[in-house]
Structures are given as C-alpha cells and as structure tokens.
Amino acid sequence: MSRANLYARRNRVKIKTSRFGELEVNQDDIIKFKDGILGFEQYKNFIVIDPSDSTLILWMQSLDNSQIAFPVIEPQIFKVDYCPVLMPNDMNALALENPADAKVYTILTIPSDFSQMSANLKAPIIVNSKKNNAKQVVLQDNKLVVKFEMYKDLKRAIANFSTSDDFKRTHIAPVKRFNPESESQFEEMEEIVINTSKENELD
Amino acid sequence: MLVLTRKLGESIAIDDDIKIVVVQIKGKQVRLGIKAPKDTKIHREEVYMAIQEQNQKALESTPEGLNDLAKELTSHKK
C-alpha cells in the first residue's frame with residue numbers, strides 16, 4: 001500500500017449516525033464546538049453531512065450522539081444580504097482573524113407544513129474554516145429573529161440556482177467584524193421595547 | 001448567584017466598565033438601564049430560551065421526511 005493511502009486511512013474515522021447509518025469521515029473535517037450548541041452544551045464534536053439533494057439542506061451531525069443532527073443551510077442561499085456582525089468576544093472564541101475564513105450555517109426548523117419552514121437568523125452557527133472551531137453565536141441585531149420563514153425564498157433561490165451558471169454566494173462577505181465607530185446597537189433595543197411591548201409599558 | 005437589593009436610582013458595577021442602574025420601578029416592573037462598552041452582548045434572557053427551544057424543534061426533522069420537501073421546492077408550481 002502506498003504511503004499516501006496509509007496516511008489517508010489513518011486520517012479517516014468511522015462514525016455512527018441514526019439518520020445516515022455508519023459513515024467514514026475525514027478527521028480534518030471534524031468541527032469542534034467548545035461550548036456545544038445552545039441547549040446541547042455537552043455535544044462538542046460535529047461534522048457537516050451533505051446529502052447532495054436538491055433542497056441544499058445539510059446536516060450538522062453530532063459525533064458524540066448518533067441521534068443528534070441539525071438540518072442546516074447556508075443562509076446566503078435564501079437571503080443574499082445576510083451578513084452576521086461578530087463581536088470581539090465571538091471572534092476570539094473562534095480564533096477567527098479574518099472574517100473571510102468564516103463559514104455560516106443557520107439551523108432550520110421544518111414542520112409538517114413545509115410553507116412554515118423557518119431559519120434561525122438570530123443565532124447562526126459560525127465556523128472558523130481554517131481551525132474548524134465553531135460556535136452558535138447570538139447576534140445583537142434586534143431585527144433578526146429566531147424563526148425567519150423562508151420557504152418561498154428558498155424555493156425561488158433553488159429555481160434560480162438551477163438556471164444560473166455561477167452562484168451568487170461569493171459576492172458578499174460571510175461575516176463582518178463589529179465596528180465600534182458605527183452607531184450603538186443598543187439604541188435599537190430600546191426602540192423595540194417602546195414599539196412592540198405595549199403591555200410592558202411603565203407609563 | 002449574587003443577589004443585591006437596590007433602590008430607585010442606585011446602580012451595580014460589573015468589571016470596570018459595566019453599570020446597571022434601576023431607572024424606574026412601577027408595580028411589578030423594573031426598568032433597568034445598562035451602560036456597557038459597545039461590543040458587550042446584552043440580551044433579554046427569553047432570547048436564549050427561545051433559541052434552545054428552536055434548536056430542540058429542529059431535531060425533529062429527518063432526511064426521509066424531507067423527500068416531500070425536495071419535491072415541493074423543485075416543482076414548478078408556486
């Protein structure tokens with residue numbers, strides 16, 4: 001057996017998954033979540049499985065628990081202008097030096113009525129693709145929601161995808177570094193209190 | 001957990017650069033003012049609860065369950 005083959009063998013590992021059976025994956029593709037995923041902090045090792053089907057939906061599969069796999073998708077597929085702003089804490093936690101090294105996934109909730117399918121744009125998964133560190137980051141932008149209904153947007157994107165030659169994905173940066181020179185993000189929070197929570201009004 | 005009692009107008013300082021002040025008290029509601037560096041993350045706790053709940057719901061999907069979704073997404077009817 002050639003040296004290249006030997007190396008390749010050593011680098012691969014078998015994993016058990018409840019949805020895809022037993023798979024052989026590359027150790028270099030294993031993504032480490034130091035803090036796990038919100039509500040599932042005990043699961044730190046994941047891998048992205050691409051079933052390569054027409055939905056463009058991927059699966060964030062836990063290596064620690066075969067039953068745990070989150071359907072995810074790259075949000076710029078259905079929302080071209082989605083560009084999470086990362087705080088210094090987030091970038092440090094990911095050891096992310098260059099925003100261009102980030103890869104963004106959003107967790108999907110798919111009910112039996114598909115038209116109600118939603119993506120969590122408020123708390124995307126950000127991966128440092130150079131170091132394979134990842135984190136589910138809660139973004140400060142109060143215009144972003146946990147349940148963004150995107151069935152129509154995804155359907156439109158898939159229709160365009162199959163008819164266009166190049167994919168729009170590369171046109172805007174995956175994430176943006178927070179710029180302290182720009183307006184305070186906290187003002188938006190106060191605005192939203194006044195507009196939406198009338199029953200919480202103190203006056 | 002550290003529990004402190006504050007009167008209207010009194011503050012709590014966290015680290016050297018975060019301050020929480022009781023701005024208004026009315027009945028069961030307390031309005032809090034937070035002074036912190038621009039790059040500090042501040043959220044109502046419900047946001048974290050909502051995210052955990054949504055993560056839990058996301059796990060209910062299976063690839064087989066998405067076969068029909070694939071058909072709908074690629075069909076030509078709106």
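A: Contact here means heavy atoms within 4.5 Å. By that criterion, and leaving aside residues up to four places away in sequence, Met117(A) touches a set of residues that includes Ile57(A), Leu108(A), Phe148(A), Tyr151(A) and Leu154(A) of its own chain, and also Leu69(B). This is a predicted model, in which local features need pLDDT of at least 70 and side-chain atom pairs count only at pLDDT 80 or more, while totals for chains, interfaces and linings use all residues. Residues are numbered from 1 along each chain as its sequence is written, chains are lettered from A and ligands numbered from 1 in the order written, and side-chain values use heavy atoms, with hydrogens and water left out.

Met117(A) belongs to the largest nonpolar core, which has 38 residues, and it is listed with Ile57(A), Leu154(A) and Leu69(B) as having the most contacts inside that core. A nonpolar core is a set of buried Ala, Val, Leu, Ile, Met, Phe, Trp, Tyr and Cys residues joined through side-chain atoms within 4.5 Å, where buried means under 20% relative accessible area, exposed over 50% and partly exposed in between (1.4 Å probe, protein chains only). Two or more residues come from each of β4 (45-49), β6 (69-73), β8 (102-109) and α3 of chain A, and likewise from α2 of chain B; these elements are DSSP runs numbered from the N terminus, helices being H or I of at least four residues and strands E of at least two. The element that gives the most is α3(A), with four residues.

Turning to chain B, helix α2 (residues 67-74) has Leu69(B), Ala70(B) and Leu73(B) as its buried residues. Because they cover an arc of only 100° around the axis, they lie on the same side of α2(B), the arc being that of the directions from the helix axis to the C-beta atoms. Those buried residues pack against α3 (151-161) of chain A.

Ring pairs link Phe40(A) and Phe46(A) with Phe33(A) and Phe70(A) into a cluster; rings of Phe, Tyr and Trp (its six-membered ring) pair if their centres lie within 6.5 Å, with planes under 30 degrees apart counted as stacked, over 60 as edge-to-face and the rest as tilted. Both Phe40(A) and Phe70(A) are buried.
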